[in-house]
Amino acid sequence: MKIVTTAGFLHFFVCATAAVSDSDATETALEAAPGDIATLPCYAVGNVTPILTTWVKDGQEVARSDPTAQSPSPAAQRVTVTNDGSLRIGRVAPGDEGTYGCSSTLPGNNTFHARVSLHVNSPENVSTSIVPATALSNGTLVVLRGSSVSFHCSGSSSPSQRLTWSFSGASSSNESLASATASSLDFRIEDVQPGAQGVYSCGAHDAVSGQALNRSTELLVYYVPDRHPDCAWALEQDPSYVWFNCTWPGAYPTPALRWGDDDDVDDPADHGMRTLYTSDLAESLPLRLNRSALSDGQALRCAARHPALAAGTEMSCSFLLKSPYPLGEPLVTALAATSVTLTCTEDASLPPANTAWRKGLHQEAIVPGSKYAVSKDGPACRLTIRDVAEEDEGVYFCRSENPLAVRELEVYLTVKTSSAYTGVILGVFIAALIVGAAAIVAKTLYSNRHRMCLGDGFGQMEEDRGDVLSLVESDDEQLFRDAVPQLPPLANGHQTTLVLIHRIPSSDREDAETADTSPQEDTAQTEEPGDLVTF
């Protein structure tokens with residue numbers, strides 16, 4: 001059925017306004033086409049927000065506003081009540097026509113009543129399409145942020161019709177986007193942003209007949225942040241409990257978050273989670289666990305799922321939980337009346353462990369003061385004991401605790417007095433004397449080793465200073481065959497032998513061989529020595 005009015009409206013129009021029966025009631029008549037989004041006003045005087053609004057049709061309640069409840073997603077319900085008390089009908093369909101009654105409770109306990117008559121017509125000669133877009137169950141279209149969207153509208157009353165695309169959203173109302181006198185009208189939006197979310201209407205107006213038709217479609221823009229969710233922890237006063245929190249702000253619509261144990265097996269049923277602890281549609285999801293549900297090496301993961309993500313994908317953050325493991329020297333020795341520092345380091349735990357020093361087998365708490373000083377430098381925890389005494393000797397415990405477990409490092413402190421070191425010092429002194437004497441004797445023997453080889457012994461090492469060894473080499477000296485007389489003994493009782501080395505020239509050697517005819521001498525001269533040594 002066509003809609004005939006004196007002026008063409010793009011979305012819906014007011015046909016008549018009945019007289020107000022009293023100061024608290026109004027009646028309005030609206031017409032809409034199937035597929036349109038109709039808004040039935042209730043209280044539109046001033047900027048007062050009703051406390052409670054109830055809509056009824058034919059005596060039955062249609063919708064009720066609940067300010068305390070979370071606002072549903074636009075795609076969740078087809079008929080909803082807005083904040084100002086209006087009744088919003090998405091994708092008007094045959095059967096929605098009728099008379100609607102509104103009752104609004106205003107601040108000050110005042111009540112306002114209104115009636116709206118809705119007529120549904122069927123504009124068969126106007127069609128629209130928006131691509132690429134995904135249709136929800138209620139007919140609302142969805143596009144992703146950053147995509148390019150094309151809008152197409154066509155009518156059958158060409159060439160006398162004028163087509164107009166208009167937009168109504170959070171930032172504007174009935175903004176004209178494109179208009180032309182033609183059988184179809186197209187326009188395109190590049191890089192769609194959240195501000196483009198709203199109701200798009202295509203209206204056809206025949207200037208000859210005065211008929212006006214309208215087709216409306218709601219478009220939602222889905223988007224997610226570029227980053228992964230943020231995972232954090234918070235320790236309670238009871239160290240056996242811990243809070244984990246997962247946040248992922250900046251997504252539309254609200255994402256689905258869940259906490260669980262990560263699993264290496266990629267199971268489509270649980271998307272890699274072996275155990276699911278909690279889940280919710282929210283931007284932030286807390287989780288409280290105690291020690292019985294935690295274990296060393298456990299992988300705790302928060303996963304975020306959203307329609308804007310590719311099918312089967314999700315954004316996540318995780319923790320690899322670790323038990324504490326303190327490290328340090330197990331045995332420490334200190335001298336009495338001095339200060340000693342015991343050091344313990346723990347940097348492997350997650351969540352970070354709380355490290356403290358305890359004393360004795362009963363693990364008595366150490367109170368910092370004039371005797372003890374406790375300091376922390378990053379993962380290192382130090383205990384300084386001033387003026388160490390014998391009663392300070394014993395066992396100390398470095399105790400590290402996080403929500404997973406408690407681990408302790410046992411350190412034994414030994415206290416020694418100064419008298420305990422007297423024997424050690426004396427022993428070191430005697431050992432040093434022995435080593436020094438041995439070094440002197442060894443050096444003396446080494447410097448007189450040639451005299452020891454000649455058999456002179458140790459007694460006359462310092463006296464034997466007068467012996468002379470003369471080695472002479474010459475080509476001009478004559479060969480003497482006479483026996484060399486022994487030199488007379490010296491006063492020190494040692495005999496000295498004179499050694500002469502003669503080199504025989506080649507010519508003298510030949511003359512000597514010719515003059516000597518004895519067989520024994522011939523035999524001796526057959527050898528050809530280069531040098532002749534005569535004693």
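## Disulfides and surface of a predicted chain

Cys231 and Cys317 are joined in a disulfide, with their sulfur atoms 1.7 Å apart; the term disulfide is used here for a pair of cysteine sulfur atoms within 2.5 Å. This is a predicted model, in which local features need pLDDT of at least 70 and side-chain atom pairs count only at pLDDT 80 or more, while totals for chains, interfaces and linings use all residues. Residues are numbered from 1 along each chain as its sequence is written, and side-chain values use heavy atoms, with hydrogens and water left out.

**The chain as a whole**

- The chain contains four helices and 36 strands, where helices (H or I, at least four residues) and strands (E, at least two) are DSSP runs that are numbered from the N terminus.
- Of the 535 residues in the chain, 35% are buried; buried means under 20% relative accessible area, exposed means over 50%, and partly exposed lies in between, with a 1.4 Å probe and protein chains only.
- Among the contacts in the chain with a separation of 6 or more, 63% are between residues 24 or more positions apart, a contact being heavy atoms within 4.5 Å.
- The chain exposes about 30,700 Å², and carbon and sulfur atoms supply 54% of that area; accessible areas come from the Shrake-Rupley method with a 1.4 Å probe, and for residues only the protein chains shown count as cover.

**The disulfides**

- A disulfide is a covalent bond between the sulfur atoms of two cysteines.
- The structure holds five disulfides, and when the bonded cysteines are counted along the chain, their pattern is 1-2, 3-4, 5-8, 6-7, 9-10.
- In the disulfide of Cys42 and Cys102 the sulfur atoms are 1.5 Å apart, and the link is left-handed, with -65° about the S-S bond. Cys42 lies in the loop between strand 3 (38-40) and strand 4 (52-57), whereas Cys102 lies in strand 8 (residues 98-106), so the pair ties together parts that are 60 residues apart in sequence. Both Cys42 and Cys102 are buried.
- The sulfur atoms of Cys153 and Cys202 are 1.6 Å apart in their disulfide, which is left-handed with -75° about the S-S bond. Because Cys153 lies in strand 13 (residues 149-155) and Cys202 in strand 17 (residues 198-206), this pair ties together parts that are 49 residues apart in sequence. Cys153 is buried, as is Cys202.
- For Cys231 and Cys317, the torsion about the S-S bond is about 70°, so the disulfide is right-handed. Cys231 lies in strand 19 (residues 230-235) and Cys317 in strand 25 (residues 315-320), so the pair ties together parts that are 86 residues apart in sequence. Cys231 counts as buried at 19% relative accessibility, and Cys317 counts as buried at 12%.

**A cysteine sulfur too far for a bond**

- The cysteine sulfur closest to that of Cys381 belongs to Cys398 and is 5.8 Å away, which is too far for a bond.
- Cys381 has 2% relative accessibility and therefore counts as buried.

**A nonpolar patch on the surface**

- Leu426, Phe429, Ile430, Leu433 and Ile434 form a nonpolar surface patch with about 520 Å² of accessible area together.
- Patches are made of residues with over 30% relative accessible area and no salt bridge, with like charges joined within 9 Å and nonpolar side chains (Val, Leu, Ile, Met, Phe, Trp, Tyr) within 5 Å; a salt bridge is a side-chain nitrogen of Lys or Arg within 4 Å of a carboxyl oxygen of Asp or Glu.
- Within this patch, Ile434 is placed in helix 1 (residues 422-447), and Ile434 counts as exposed at 55% relative accessibility.
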